[in-house]
Amino acid sequence: MPELPESSVDLYSDEILEQPYEFYRDLRNSGPVVYLARYGFYAVPRFADVRAVLTNWQDFSSAQGIAMNEPMNHALMGTVIATDPPEHKRLRRILEKPIAAKEVVALRQRMTRQAEGLAQTLVRRGEFDVATDLAQFLPLTVVSELVGLPEEGRQKMLSWAAAAFDGAVPLNVPRTEEALRTMGEMVAYTTDATLAERVRPNGWAAGLYHAAQIGELTRDQASAMMQGYLTPSLDTTIFATTNLIWLFAQNPGQWEELRRNPELVPRAINEAIRLESPIQHFSRVATGDVSIEGAPIPAGARVLVMYGSANRDERHYDVPERFDIHRSNNDHLGFGHANHMCAGMNLAKLELTALVEALLPRVSRFELLRQKRSRNNLLRGFEQLQVRVHH
């Protein structure tokens, strides 16, 4: 078998986290698989290959965790994201009950009403921070209430969410150890024997405890699976919102086009998630000696499935770095693919749609005033995005 191309670049350096796309392009041009020597990972950067890996759970397993260090993978044991079929399908069916498409439709009116009120307030103000004033609103009000934790748990959800991604990379990467300590606090909270009696009746968390009562889950599984509500339901949607508004501020003509053609809102949302994928990569473990387009990967290797790179692959998308709300982009990998397609995708799209549709008739242009990217090891978005809106 041919030797693999190697890269010694630090994937988690501040420079790459700030602007990863030239590095991604170099990886794609190097080959279908590139060995990242600094961490001993096998990176899969191209669209077709990432899609194939995500489909082939038999050769590329999630059951040993999707993080890049053992403490985090231990914390993920028993969660939907860290299982393979058939157990994955069984657990996912339980997790998805309150966030399945038909359930999310019932939230549409509430989300729309909340978004309308928020947009009216922010537009009247004239200037606001998209990251804190707009993007966090629905996740921290509606979604956190639906999860149904007691107030002290709701207040910690945002820090838990950030830590879940910051702590999923190698142990010697900055922010990882602190994130793992925060994750330890979350695990201690969700495994507290008294929590079941303190969650909101009929909330999502209560649904997991009910599943344990009727024998669909063990109590330990119910506690572990709660992570599926506490972590990805917040930061990923918040960052997707900041990225979307940032792209429209950078491309005012696209916002004008969307105002003329609001039926393109679903495509605009997909395009933003394709171009600025909130989750840049996760990993799988090779269950045996495998190859991708002739490139060898040894058994037991950690394989990075690079969503952020795949979604900008020139082999699949025409002028992939261009933000184009007319693009046919429904196949992007920003929500994952196949068995591990994001369980909260419908909810995230509902939140984004409600916010965009509330802003469309009220804002003619976003003027970017200040921006600061978030320093998260896996997530891409903004910690601050100050804008002025024009009527």
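Hello everyone. By class, the lining of the largest cavity in this structure has 28 nonpolar, 13 polar and three charged residues. The classes work like this: Ala, Val, Leu, Ile, Met, Phe, Trp, Tyr, Cys and Pro count as nonpolar, Asp, Glu, Lys and Arg as charged, and the others, Gly among them, as polar.

A word on what we are looking at. This is a predicted model, where local features need pLDDT of at least 70, side-chain atom pairs count only at pLDDT 80 or more, and totals for chains, interfaces and linings use all residues. Residues are numbered from 1 along each chain as its sequence is written, and side-chain values use heavy atoms, with hydrogens and water left out.

Now, the cavities. On a 1 Å grid over the protein atoms alone, a cavity is a set of points where a 1.4 Å probe fits but cannot get out, while a pocket is an open set with protein on both sides within 12 Å along at least five of seven lines; lining residues have an atom within 4 Å of a point. Grid points are joined across faces, edges and corners, and a volume is the space filled by probe spheres set on the points.

How many cavities of 30 Å³ or more does a search of the whole structure find? There are four. The largest holds about 830 Å³ of space. Its lining has 44 residues, and those closest to its centre are Ile81, Pro232, Ile279, Phe282 and Cys342. Several elements give two or more residues to that lining, including α4 (70–76), α5 (87–95), α11 (157–166), α17 (235–250) and β6 (282–286). Helices here are DSSP runs of H or I with at least four residues, strands are runs of E with at least two, and both are numbered from the N terminus. Which element gives the most? That is α21, with four residues.

The second largest cavity has about 120 Å³. Closest to its centre, out of 15 lining residues, are Leu17, Gln280, Asn376, Leu379 and Arg380. This lining divides into seven nonpolar, six polar and two charged residues.

The largest pocket has a volume of about 260 Å³. Pro266, Asn346, Lys349, Leu350 and Thr353 are the closest to its centre among 16 lining residues. We meet α21 again here: along with α6 (101–105) and α19 (265–275), it supplies at least two residues of the lining. Six nonpolar, six polar and four charged residues make up this lining.

The second largest pocket comes to about 200 Å³. Among the residues lining it are Ala131, Gln136, Asp235, Phe239, Asn376 and Glu383. The largest share, three residues, comes from α17, and β11 (382–390) is one of the elements that supply at least two.

That strand brings me to the sheet. Three strands form an open, antiparallel sheet in the order β5-β11-β10; two strands pair if DSSP finds at least two bridges between them. The edge strands, β5 (127–129) and β10 (365–373), each pair on one side only. Neighbouring strands are turned by 20° against each other on average, direction ignored. Between β5 and β11 there are three bridges, and Asp129 has Gln386 in β11 as its bridge partner.

Finally, α17 lies across β10 and β11, running at about 130° to β10. Contact means heavy atoms within 4.5 Å; axes are lines fitted to C-alpha atoms, for helices over the stretch in contact, and angles run from 0 to 180 degrees between N-to-C directions.
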